[in-house]
Structure formats: structure tokens, C-alpha cells
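Let's take a friendly walk through a protein model. Have the sequence and the 3D view ready.

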Amino acid sequence: MGNSSGHIFISGIKHSGKTTFARLLAEERGWIFADADDLVLERIRPCSVREYYKNSGKAAFMEKEKDAVRDFIASGHGPFFLALGGGACDNDELMDLARKDGKIVYLAREEGQMLDVVMRHGCPAFLDPDDIQGSFHRLYVERDRKYRSYADLVVDLGPYADRMETLRMLSARLMEEGL
């Protein structure tokens with residue numbers, strides 16, 4: 001599973017550790033780090049990503065995200081780790097772009113670990129405020145299935161009480177797979 005382009009897309013459900021571990025892996029290797037949400041934010045300021053999604057809708061956000069990632073890739077960066085947004089798996093064009101350009105790594109975590117983390121910043125627009133737990137469950141099941149189908153490598157993170165130990169495990173898994 002070699003990756004001649006040196007482009008690795010870190011995917012996962014919202015707050016699974018994508019940005020944290022993509023940044024740490026990039027630092028460890030001396031590669032470029034980018035976050036899809038930051039790339040989108042550059043295009044939609046002064047709105048936040050959350051405000052833009054809520055006000056403009058999912059389709060408009062997905063188009064911005066795909067365009068931002070496409071332009072980042074086209075700018076000719078050397079090896080990079082790019083953290084995709086938590087809902088990237090719903091954006092087939094974006095995921096196809098990532099698949100064609102590099103390798104997709106899915107950071108999988110248990111559903112039970114995720115809801116509390118997601119809710120720390122309030123109820124996101126993609127959950128039903130009248131059925132938070134039920135809507136998260138449905139979303140988690142669907143996104144987990146999609147991410148697994150797109151992934152070149154699935155890494156089950158579990159609860160990572162020690163971030164650096166988790167980084168060592170993740171880095172070793174990538175090396176084992178030639179990434």
C-alpha cells in the first residue's frame with residue numbers, strides 16, 4: 001500500500017482526533033499539515049464553518065470543502081497530512097479526489113466515546129436537537145460505514161488518554177502499511 005504522492009488524508013467522525021493526529025504526524029515527519037476546515041474558513045470569512053453550514057446548507061458547504069481541498073492539492077505542496085472534515089464521507093466528489101491523489105486513513109473510535117466529545121461545543125447543526133442521541137447514533141452508523149468503505153487504512157484508536165502513546169501506535173501502523 002505504498003503512497004508515492006506522499007499525500008495522506010486523515011478522515012473520521014467529528015472530534016475523532018483527525019486534526020490533532022494529522023498535525024502531530026506531519027510534525028514527526030517534517031511534512032506539511034493542513035486542515036480542510038481551515039481551508040474552507042479562508043473562503044467563507046467572516047463566517048465560522050459552523051455558521052456557514054447552518055446558514056448556507058450542507059450542499060454549499062460540501063462544494064466549498066471540495067473546492068478548497070482541490071485547490072490545496074493543485075498548489076503543488078510536497079508530502080502532506082490533510083485532516084478532512086467530520087462529514088467528508090458524505091461528499092463523494094471530495095472523497096474521490098482524495099482517493100485519486102493519495103491515501104485515506106480512517107481514525108475509528110467507538111460511538112460511545114464520541115457523543116460527549118461532539119457535544120462539548122453545543123449541538124452541531126447536523127444533529128436533531130430534539131433527538132440528539134438518536135440522531136447521533138444514526139449519523140455515526142452511516143458515517144462509520146462510509147469511512148470504512150473509502151479508507152485505505154482503518155486505525156481503531158479507542159479512548160486515547162495518552163495522546164503521545166496513541167501517536168506512536170498510529171505512526172507505527174502507517175509505517176507498517178508503507179504510508
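## Before we start

Helices (H or I, at least four residues) and strands (E, at least two) are DSSP runs, numbered from the N terminus. The model is predicted, so local features need pLDDT of at least 70 and side-chain atom pairs pLDDT 80 or more, while totals for chains, interfaces and linings use all residues. Residues are numbered from 1 along each chain as its sequence is written, and side-chain values use heavy atoms, with hydrogens and water left out.

## The largest pocket

A pocket is an open set of points on a 1 Å grid over the protein atoms alone, where a 1.4 Å probe fits, with protein on both sides within 12 Å along at least five of seven lines; lining residues have an atom within 4 Å of a point. The largest pocket is lined by 34 residues, and K14, H15, K18, D37 and G86 come closest to its centre. Helix 4 contributes the most to this lining, with 4 residues.

## The nonpolar cores

A nonpolar core is a set of buried Ala, Val, Leu, Ile, Met, Phe, Trp, Tyr and Cys residues joined through side-chain atoms within 4.5 Å; buried means under 20% relative accessible area (1.4 Å probe, protein chains only). Among the 35 residues of the largest core, those touching the most other members are F9, V69, L82, L84, M95, F136 and Y147. A separate core has 18 residues, including I8 and F21.

## Helix 6

In helix 6 (residues 111-119), the buried residues are Q113, M114, L115, V117 and V118. Part of their cover comes from helix 7 (132-150), where contact means heavy atoms within 4.5 Å.

Terms used
Buried means under 20% relative accessible area, exposed over 50%, partly exposed in between (1.4 Å probe, protein chains only).
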